[in-house]
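Take a look at the model below before reading on. The text starts with a loop and then moves to the ligands and helices.

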Amino acid sequence: MDKLNILIAASEVVPYAKSGGLADVVGALPKALRNLGHDVRIVMPRYYIVDREKYGLRLLEGGLGVPMGVMGEIWGGVYEGLLPGTDIPVYFIDHEGFFGRGGLYEENGYSYSDNDNRFLFFSRAVMQLAKKIRFHPDVIHANDWHTAAIAVMLNTHYAYDSDFAYTGSLLTIHNLQHQGRFYKGAMDILAIGWEHFNASEIEEYDGINLLKGGIVHADVISTVSRKYAQEIRTAEFGWGLEHLIDRNAYKLHGILNGVDYEEWSPSVDPFIAQTFDTESMEGKKVCKRALQESFSLPQRDEVPVIGLVGRLVEQKGIELIVHSIHALMHMEIQIVLLGAGEKWAEHFFSDIAGRYPQKFGCYIGYRNDLAHAIEAGSDLFLMPSLFEPCGLNQIYSLRYGTLPIVRATGGLDDTIENYHNDSQHGTGFKFHDATPDALINTVGWAVYTWYNDPKGFQQMQRNAMEQRFDWDGAAKEYEALYRRIKLGRRGE
Ligand code: ADP
Ligand code: GLC
């Protein structure tokens, strides 16, 4: 099979900058594509936090001119590096005014007010970069609203540009809640002409919706689990775009994310107190004690520890936890929580830790090492998301024998098999209703199983640890989509 040229554009990439799972995906998928023999390259913004020395980035000569409509041509720079441990080029679009700031999208809980300009600049810069480095992609793979405008630009500004004569686009939706909705004035920056400002293209309630434009213009769209691909066609999960998505379902695909098992495996994890695996689980006990110690909880083997890691936002079902917390604290359990997000939730959980110091440990902030320690040292992992396009933490949990308790939605439903008491099949505990009662009952069921059916619990742990969601399979599915896009554009 012939080699494909693939340009992946994203607003965050591990290890350079990360706020959530998007960065994990864009840091890992290219490696699997490269293993399939393709020429893959990545583009992301050069945020202030991207460490140029540490990653050995070098500045390309000549700068990059980026047309920005009424703002005129804005000049930026391009740094180039290699994705660590690979020969995959990563390009960083540099512009002090747009990206030389403390956060990726926001600071102190407030989104930057010029996010439209920042990401329109970035999207247009991706196109200009391809020209500058003379890379002729078969496919530009955009991710979420930040880069969705690329699909629009390809069909407008660059529709007759010979450099992109055979280039198509894939837009992956990692999260439909965030759509890049802005004041219509952004049309003058995007500068594709006001005739595109209509309800079947990029306009929505007299504003601009970048994700919408991307969905309309992309050759193919995908999302990160099969279940979520179905869900977003309904009003409950569509965030107002369900009809549009339903109409475009002919080009919508669900590809489940993989996991980078080089980073997330208890047998090799450098962040955990002692490594372990199915044949010897002793290390997991050591990890549990270390975890209890780091959260200043009593070091008790005979009590199950439930871990929670994630952004403290509505999506993750934090309100369900809030309304369940006192009932949960009546159970003979310990909970450790690592997260950051909405301020009220940060305060709430810190208060709970003060109120139940023997049972509830909490770290507000972002710490990768602690995320690993929680996966390794917990017995159970709670993820009661209201919606979850894919979700990575529950997949990490499986590998560490930390049984997930999840709400049956999106990727959580696709990756976790519910426990059957009789057959001892299953890898976790699922509930359907987004209610505190359902959450409390299901945690109760999991805790009951832990106390009263240790054999069944251990069997589930083995089932869980043997599961593999690797990137090789997912990369082949993306490859098939890329080929379909290429064929479509070449009219072959
Ligand atoms: P989402 O992308 O919606 O946040 P995912 O489950 O796909 O959810 O990915 C979340 C990623 O971010 C995981 O790799 C998880 O370990 C990490 N993460 C989230 N919050 C924190 C935190 N406070 N500290 C460390 N890692 C975190
Ligand atoms: C989004 C989703 C999450 C998914 C991640 C990576 O942030 O919320 O479910 O795992 O993207 O695709």
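Where is the place of Ser296? Ser296 sits in the loop between α10 (282-294) and β16 (305-312). Helices here are DSSP runs of H or I with at least four residues, strands are runs of E with at least two, and both are numbered from the N terminus. This is a predicted model, in which local features need pLDDT of at least 70, side-chain atom pairs count only at pLDDT 80 or more, and totals for chains, interfaces and linings use all residues. Residues are numbered from 1 along each chain as its sequence is written, chains are lettered from A and ligands numbered from 1 in the order in which they are written, and side-chain values use heavy atoms, with hydrogens and water left out.

Stay with Ser296 for a moment. Its phi is near 55°, a positive value in a residue other than glycine. Ser296 is exposed, because its relative accessible area is 60%. Exposed means over 50% relative accessible area, buried means under 20%, and partly exposed is in between, with a 1.4 Å probe and protein chains only.

Phi of Arg134 is near 55°, positive in a residue that is not glycine. With a relative accessible area of 69%, Arg134 is exposed.

A cis peptide bond joins Val14 and Pro15, with omega about 10°.

Now turn to ligand 1. A residue is near a molecule if one of its heavy atoms lies within 4 Å of it. Several polar contacts can be picked out, a polar contact being a pair of N or O atoms within 3.5 Å; within protein, one must be able to donate a hydrogen and the other to accept it, and residues adjacent in sequence count only if both atoms are side-chain atoms. A polar side-chain atom of Lys18 lies 2.8 Å from an oxygen atom of ligand 1. The side chain of Lys316 has an N or O atom 2.8 Å from an oxygen atom of ligand 1. Gly365 uses its backbone: a polar atom there is 2.8 Å from a nitrogen atom of ligand 1. On its own, ligand 1 has 560 Å² of accessible area, and the protein covers 94% of that. Such areas come from the Shrake-Rupley method with a 1.4 Å probe; for residues, only the protein chains shown count as cover.

The domain bounds come from an automatic or database domain assignment.

Ligand 2 is next. The residues around ligand 2 include Gly21, Leu22, His174, Asn175, Glu388 and Gly391. A polar side-chain atom of His174 lies 2.7 Å from an oxygen atom of ligand 2. For the side chain of Glu388, an N or O atom is 2.5 Å from an oxygen atom of ligand 2. Gly391 places a backbone N or O atom 2.8 Å from an oxygen atom of ligand 2. The protein covers 93% of the 310 Å² of accessible area that ligand 2 has on its own. Its shell has five nonpolar residues, six polar and one charged. Domain 1 and domain 2 both give residues to this shell, so ligand 2 lies between them.

Finish with the helices. Ala371 is found in helix α13 (residues 368-377). Ala371 counts as buried because its relative accessibility is 9%. Val309 is 62 residues away along the chain, yet the two C-alpha atoms are separated by 6.5 Å.

Technical notes: Nonpolar A, V, L, I, M, F, W, Y, C, P; charged D, E, K, R; others polar.
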